[in-house]
Amino acid sequence: MQRLKIISGHLRPGGSSGSRLRAAECSSAAEVSGGSGEDVVVVHGRRTAIGKAKRGAFKDTTPDELLSVVMKAVLTDVGLSPDKLGDVCVGNVLQPGAGALMARVAHFLSGFPDSVPVYTVNRQCSSGLQALLNIAGAIRSRSIDLGLACGVESMSLQSIGNPGDLSSRLTDNDKARDCIIPMGITSENVAERFGVSREKQDAFALSSQHKAARAQGRFQQEIVPVTTTFVDGEGGERQVTVREDEGVRAGTTLEGLSKLRPAFKPDGSTTAGNSSQVSDGAAAVLLGRRSAVEALGLPVLGVLRASAVVGVPPDVMGIGPAFAIPAALQQAGLTVDDIDVFEINEAFASQAVYCVEKLGIPMEKVNPNGGAIALGHPLGCTGARQVVTLLNELKRRGRRAYGVVSMCIGTGMGAAAVFEYPGP
């Protein structure tokens with residue numbers, strides 16, 4: 001019966017999905033009326049373009065500057081004063097202390113008052129999404145009414161490397177030892193264990209590049225132009241304004257991809273062409289309780305319907321979305337067939353192909369504007385960026401629809417969230 005209500009609501013422009021993060025709080029009245037005042041809703045989101053790490057336009061730009069741009073833009077766009085925010089959470093992976101100092105500096109550079117708090121979270125590649133889920137949890141518990149969820153990474157200024165201080169006993173435990181396997185090797189493990197051929201990986205990468213190339217015009221409504229200083233090879237400085245993602249290669253061909261050498265093992269199938277790019281970027285998403293949002297006259301871009309984080313074996317961490325997505329869909333009372341768009345992070349083509357095939361997702365529903373293979377993967381930013389891209393894509397389609405954001409997570413996890421676009 002619950003599933004019939006959900007599907008019925010999906011088909012009726014004036015209805016409601018009826019699914020709630022906590023089914024016990026649902027009421028038939030809320031299902032029919034178009035949403036509960038307790039819903040956690042997305043008001044608005046913006047992102048920077050994604051720059052190539054080490055050599056792109058953002059290579060000399062600090063993450064606090066990138067973050068400040070999107071924090072200001074989101075609130076300016078909807079005319080909201082920053083003192084209305086109950087909290088700010090920022091996803092970050094590579095900065096010391098998950099960027100706690102960096103985030104507070106960005107906070108003040110954005111003109112936010114000291115009375116508004118901020119903190120950071122590091123759940124590796126899902127950090128931007130985890131920031132959103134943390135703010136959603138605070139709204140749901142009635143700790144706050146409105147909050148800003150962000151993600152930022154400069155992979156130019158900080159590199160993946162030092163794992164920190166670990167016990168020597170790590171080598172005595174297979175699972176613990178697997179947590180330090182290089183990510184590229186986990187990709188090779190997925191390809192070998194589940195039979196994902198080089199040909200499939202390259203075809204997926206080609207599709208990502210071509211979709212991203214076609215999408216660049218559409219991205220302008222979500223990208224905030226950033227004017228910054230670029231230092232050239234001779235030390236000269238110049239001002240540049242970055243408006244487009246730098247990693248997209250419109251001229252990519254299958255022949256060109258097939259000529260690339262394996263990047264992580266001599267006989268492997270994971271290459272620079274079918275892996276995500278190291279990148280710089282930031283994104284921010286404004287969330288609130290529906291009743292508070294409506295009282296302030298703010299728009300509703302989307303509704304968070306469900307979320308899940310799961311654990312998987314660390315040596316094949318890339319399979320995380322294949323388990324997180326079903327868990328989130330079950331919470332929402334939906335199936336793969338009910339979802340219009342899946343934004344699945346393309347850490348590697350091997351794991352993305354596996355997850356898509358495992359769940360039986362039609363390829364036309366997957367990353368319709370390209371993914372991290374073409375756009376790039378600024379670690380702490382990606383989850384928030386995916387939410388911005390997803391909800392803008394659903395809005396462009398002009399009708400009520402559902403979307404999923406998901407990604408794998410280093411050390412063996414997967415995360416997913418289900419969103420509803422309520423319609424124009």
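Me: Where is Cys-408, and what makes that stretch a strand?
Reply: Cys-408 lies in strand E11, which covers residues 401-409. Strands (E, at least two residues) and helices (H or I, at least four) are DSSP runs, numbered from the N terminus. This is a predicted model, so local features need pLDDT of at least 70 and side-chain atom pairs count only at pLDDT 80 or more, while totals for chains, interfaces and linings use all residues. Residues are numbered from 1 along each chain as its sequence is written, and side-chain values use heavy atoms, with hydrogens and water left out.

Me: Why is Cys-408 called buried?
Reply: Its relative accessible area is 1%. Buried means under 20%, exposed over 50%, and partly exposed in between (1.4 Å probe, protein chains only), so Cys-408 is buried.

Me: What does Cys-408 touch?
Reply: Contact means heavy atoms within 4.5 Å. Setting aside residues up to four places away in sequence, Cys-408 touches Cys-125, Met-317, Gly-318, Gly-320, Pro-321, Ala-347, Gln-351, Met-413 and Gly-414. Take Gln-351 from that list: Cys-408 and Gln-351 are 57 residues apart in sequence, but their C-alpha atoms are 8.5 Å apart in space.

Me: Gln-351 also turns up where H11 meets H12. Why are those two helices called oblique?
Reply: Two packed helices are described by the angle between their axes and the distance between the axes. The axes of H11 (residues 320-332) and H12 come within 8 Å and cross at roughly 40°. Axes here are lines fitted to C-alpha atoms, for helices over the stretch in contact, with angles running from 0 to 180 degrees between N-to-C directions. Under 35 degrees is roughly parallel, over 145 roughly antiparallel, 65 to 115 roughly perpendicular, and the rest oblique. H11 and H12 are therefore oblique.

Me: Why does Ser-269 count as buried?
Reply: Ser-269 has 11% relative accessibility, and that puts it in the buried class. You'll find Ser-269 in the loop between helix H9 (254-258) and strand E8 (279-289). Among its contacts beyond four places in sequence are Glu-188 and Ala-191, along with Arg-198.

Me: Lys-365 is a lysine, so why call it buried?
Reply: Its relative accessibility is 17%, so the buried label applies. Lys-365 sits in the loop between H12 and H13. Its side chain reaches the backbone oxygen of Ile-339 at 2.8 Å, and the C-alpha atoms of Lys-365 and Ile-339, 26 residues apart along the chain, are separated by 8.2 Å.

Me: Buried or exposed, or partly exposed: how do Asn-367 and Thr-411 come out?
Reply: Asn-367, in the loop between H12 and helix H13 (372-375), is at 0% relative accessibility and so counts as buried. Thr-411, in the loop between E11 and strand E12 (413-421), is at 27% and so counts as partly exposed.

Me: What makes the link between Ser-110 and Ser-68 a polar contact?
Reply: Their side chains are 3.1 Å apart at that contact. A polar contact is a pair of N or O atoms within 3.5 Å; within protein, one must be able to donate a hydrogen and the other to accept it, and residues adjacent in sequence count only if both atoms are side-chain atoms. Ser-110 itself is buried, at 10% relative accessibility, in the loop between helix H4 (100-109) and strand E4 (118-121).
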